[in-house]
Amino acid sequence: MDRVVDLDAAAAVLAERAARWRSAGLAVGEMTWRDWEAEWPQPLETDWARVNDPDPLGLITSGSAEALLSVVLFRGGWADVDFFDGLDDGGALPASDIESAADFAARVDQWIVRVFGGLGSVR
């Protein structure tokens, strides 16, 4: 698989934002990694040191009223993004053609606002 997105840089993006999201009242889970080289079924790891060839990186964030955002970023440049806004809207969000960690950062910011609202200043 092509390595379009640097998952280490993407993890840094998530770690930086996680503190701000927590301050805004969101619950941010642990990042998960899957090792591309691991035998099937490939387990999810929360310890990056246990992963030789990371793909993908995942994170679940939740808020009030059972709102939830699940993001799984693949190094090939796409993500599986699922959400429930806690009211009456949910589903998948478009997440293809991600070109870099900076592009991923901009999209994550949009997804957070889409699911949890403005949250004041979360950037």
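Mentor: A polar contact is a pair of N or O atoms within 3.5 Å, one able to donate a hydrogen and the other to accept it within protein; residues adjacent in sequence count only through side-chain atoms on both sides. The model is predicted, with local features needing pLDDT of at least 70 and side-chain atom pairs 80 or more, while totals for chains, interfaces and linings use all residues. Residues are numbered from 1 along each chain, and side-chain values use heavy atoms, without hydrogens and water.

Trainee: With which side chain does the side chain of Arg 34 make a polar contact?

Mentor: Arg 34 is found in strand E2, residues 32–35 (strands are DSSP E runs of at least two residues, helices H or I runs of at least four). At 3.2 Å, the partner of its side chain is Gln 42.

Trainee: How far from Asp 55 is the nearest side chain of opposite charge?

Mentor: Asp 55, in strand E4, is buried (under 20% relative accessible area, 1.4 Å probe, protein chains only). A side-chain polar atom of Asp 55 lies 2.7 Å from the backbone nitrogen of Arg 75. Asp 55 has no salt bridge, which means a Lys or Arg side-chain nitrogen within 4 Å of a carboxyl oxygen of Asp or Glu. The nearest opposite charge is on Arg 34, also buried without a salt bridge, and the distance is 4.2 Å.

Trainee: Which elements give two or more residues to the lining of the largest cavity?

Mentor: The lining consists of Leu 14, Trp 21, Leu 59, Thr 61, Leu 69, Val 71 and Val 108 (a cavity is a set of 1 Å grid points where a 1.4 Å probe fits but cannot get out; lining residues have an atom within 4 Å of a point). The elements are helix H1 (7–23), strand E4 (54–62) and strand E5 (68–74).

Key: 1 Å grid on protein atoms, 1.4 Å probe; cavity = no way out; pocket = protein on both sides within 12 Å on 5 of 7 lines; lining within 4 Å. Buried < 20%, exposed > 50% of the residue type's maximum accessible area, 1.4 Å probe, protein only. Lys, Arg positive; Asp, Glu negative; His and termini not counted.
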